[in-house]
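Dear colleague,

I am handing over the structure we spoke about, and below it you will find what I found when going through it. Please read the notes with the model open beside them.

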Amino acid sequence: MRFFVLTSWLTPLAILLPTLAALAQTPRLPTQAPGLEPAPLQTKQLAQDRPPVDTARIFSLQDLAELVFAYHPVVKQAALLSEDARSQVQQARGGFDPKLGSGFDRKLFGGTDYYNNWANELKVPLWPGGIDLKVGYDRMVGTYVNPEHRTPLNGLAVAGLSVPLGQGLLIDARRSTLRQAKIMVDAAEADQVKQINAIWLEATQAYWNWYFNYQQMLLIQEGVELAETRFQGTSRRAQLGDQAPIDSVEAQITVQDRLVQFTQLQVEQQNAGLILSNYLWTKDGQPAELPAYAVPQLPTMRTVDSLTYEQLQDFAANRHPTLLKLDAKIRQLGVEVRYRRELLKPTVNVSGYLLSRGDFYRPEVPGYYDFGRDNYKVGVDFAFPLFLRKERGKLWQTRIKVQDATLEQQNSRRMIANQVSAKYNTLKAYERQLAVQEQAIVNQRILLQAELQKFELGESTIFLINARESKLIELRLKQESMRANYEKSLAELYYYAGTRTLGNE
């Protein structure tokens with residue numbers, strides 16, 4: 001019997017459940033009672049889509065990029081890094097410049113020609129083996145000239161080589177300096193890219209801060225207009241006796257409160273524009289000001305898919321400016337280690353020169369005075385520190401620097417990879433939050449519309465309408481803040497990956 005009664009109640013309930021569910025999903029808003037004068041309380045200013053702005057007033061992110069990369073002093077200063085590195089390469093090449101020297105000394109006293117010395121030399125350093133090519137002409141004559149240095153009256157021509165067989169054969173100071181200078185060009189170019197990326201990140205963040213302040217000002221300005229319209233409507237109703245006069249006081253307080261906010265936001269918007277103007281320069285190197293009529297572009301909200309994320313990770317691991325600079329430093333220290341090892345060898349320099357009379361070009365000069373194997377000068381220099389404490393200490397210190405740079409590179413690679421991953425996670429979190437925020441704004445608009453219609457029926461108050469509207473403004477402000485933070489996080493993602501856009505050095 002109980003089972004039959006329960007079944008009889010469940011059958012109508014099962015029939016009503018779909019209808020109740022449909023009503024719950026599509027709620028009906030109350031309608032305005034007939035004969036009641038409508039107050040201008042409805043609003044569309046806080047709608048999602050706003051009227052388009054004159055494109056001539058838009059100062060886009062691309063416009064900012066063109067000015068920053070072309071005229072900003074820091075960008076120009078960064079370009080000097082490469083120029084400075086190349087100037088050091090040119091200085092290092094000076095170690096291989098030919099050197100021409102000449103000296104003349106003569107002493108004549110009491111009718112005696114003591115000495116008449118004239119020495120000339122052309123020394124040409126050669127790259128392989130640290131060899132020096134030497135060509136010279138000496139004329140040393142006189143009564144008191146050392147017989148060891150005395151030459152024929154026509155002088156003595158010299159041509160030969162100086163070859164290091166020990167220290168300096170594989171690498172010497174001038175070759176080490178030139179190789180390190182060439183490597184430092186790569187380090188300077190990496191540092192240049194890093195500095196340009198840093199200034200672009202700062203400019204981008206300033207731009208989106210300017211955007212957010214602009215959106216805040218617009219939203220509060222709309223709030224002021226709405227509150228003013230509501231105050232006028234409420235005052236008119238109070239005069240007609242359809243509403244309590246105290247409601248007009250409530251409406252006026254809202255107008256005054258939002259006016260205070262709007263005034264403050266106007267100042268913040270001006271200050272944000274001034275901060276952005278720090279990155280604006282003219283072609284002549286003069287500071288430029290952001291026009292007062294300029295407005296920011298809307299966020300593109302460009303998403304980063306998994307493929308782009310993998311490309312950014314690969315770029316960060318292989319071509320990040322910080323890692324490239326450390327790699328150049330390690331290679332530079334590698335050259336220094338090689339040179340320091342070379343200094344552990346003994347110094348053994350062998351020189352050999354062919355000799356001839358200074359007028360060897362004349363055909364009447366005897367052959368035994370001409371260049372040949374019977375006319376030569378040779379020499380051998382040997383030196384070797386017994387303990388090599390200075391050389392071993394320098395080599396030890398350089399190897400420590402290599403280890404330090406290698407460890408720094410490993411740590412930097414790990415930190416860069418984690419920073420890229422963290423910013424990517426932040427972007428994805430913003431995407432999810434923005435989707436939820438969009439739905440919350442839609443629902444809040446429905447609540448505000450319902451509250452306005454209830455007010456028309458005399459079932460709500462100005463306080464509740466203001467609360468609903470303030471909440472909608474708050475949600476819209478939070479949405480614009482998320483959009484600005486999303487764009488800033490996107491710029492940070494590319495910055496931490498070591499680039500501005502993929503494929504852009």
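A nonpolar core is here a set of buried Ala, Val, Leu, Ile, Met, Phe, Trp, Tyr and Cys residues that are joined through side-chain atoms within 4.5 Å. Please keep in mind that this is a predicted model.

With that definition, the largest nonpolar core has 24 residues, and Phe59, Leu64, Val68, Tyr207, Trp210 and Leu276 are those with the most contacts inside it. At least two residues of this core come from each of the helices α2 (61-71), α3 (73-93), α4 (173-240) and α5 (245-277), and α4 gives the most, with nine residues. Leaving aside residues up to four places away in sequence, Leu64 touches Phe59, Trp200, Ala203, Tyr207, Leu276, Tyr279 and Leu280. There is also a second, separate core of 17 residues, which includes Val304, Tyr430, Leu493 and Tyr494.

Turning to the surface, Leu100, Leu122, Leu126, Leu133, Val135 and Leu161 form a nonpolar patch, with about 480 Å² of accessible area together. Of these, Leu161 is found in strand β5 (residues 156-164), and it is partly exposed, with a relative accessible area of 38%.

Finally, strands β7 (residues 347-357) and β8 run antiparallel and are joined by eight bridges, and Asn349 has Asp381 in β8 as its bridge partner. Strand β8 (residues 376-383) lies largely in the open, because the number of buried residues among its eight is zero.

With best regards

How values were computed. Residues numbered from 1 in each chain as written. Predicted model: local features only at pLDDT ≥ 70, side-chain atom pairs only at ≥ 80, totals over all residues. Heavy atoms only, no water. Patch = residues over 30% accessible without salt bridge, like charges linked within 9 Å, V, L, I, M, F, W, Y side chains within 5 Å. Areas by Shrake-Rupley, 256 points an atom, 1.4 Å probe, with all protein chains shown as cover. Salt bridge = Lys/Arg side-chain N within 4 Å of Asp/Glu carboxyl O. Helix = DSSP H or I, 4+ residues; strand = E, 2+ residues; numbered from the N terminus. Buried < 20%, exposed > 50% of the residue type's maximum accessible area, 1.4 Å probe, protein only. Pairing = 2+ DSSP bridges. Contact = heavy atoms within 4.5 Å.
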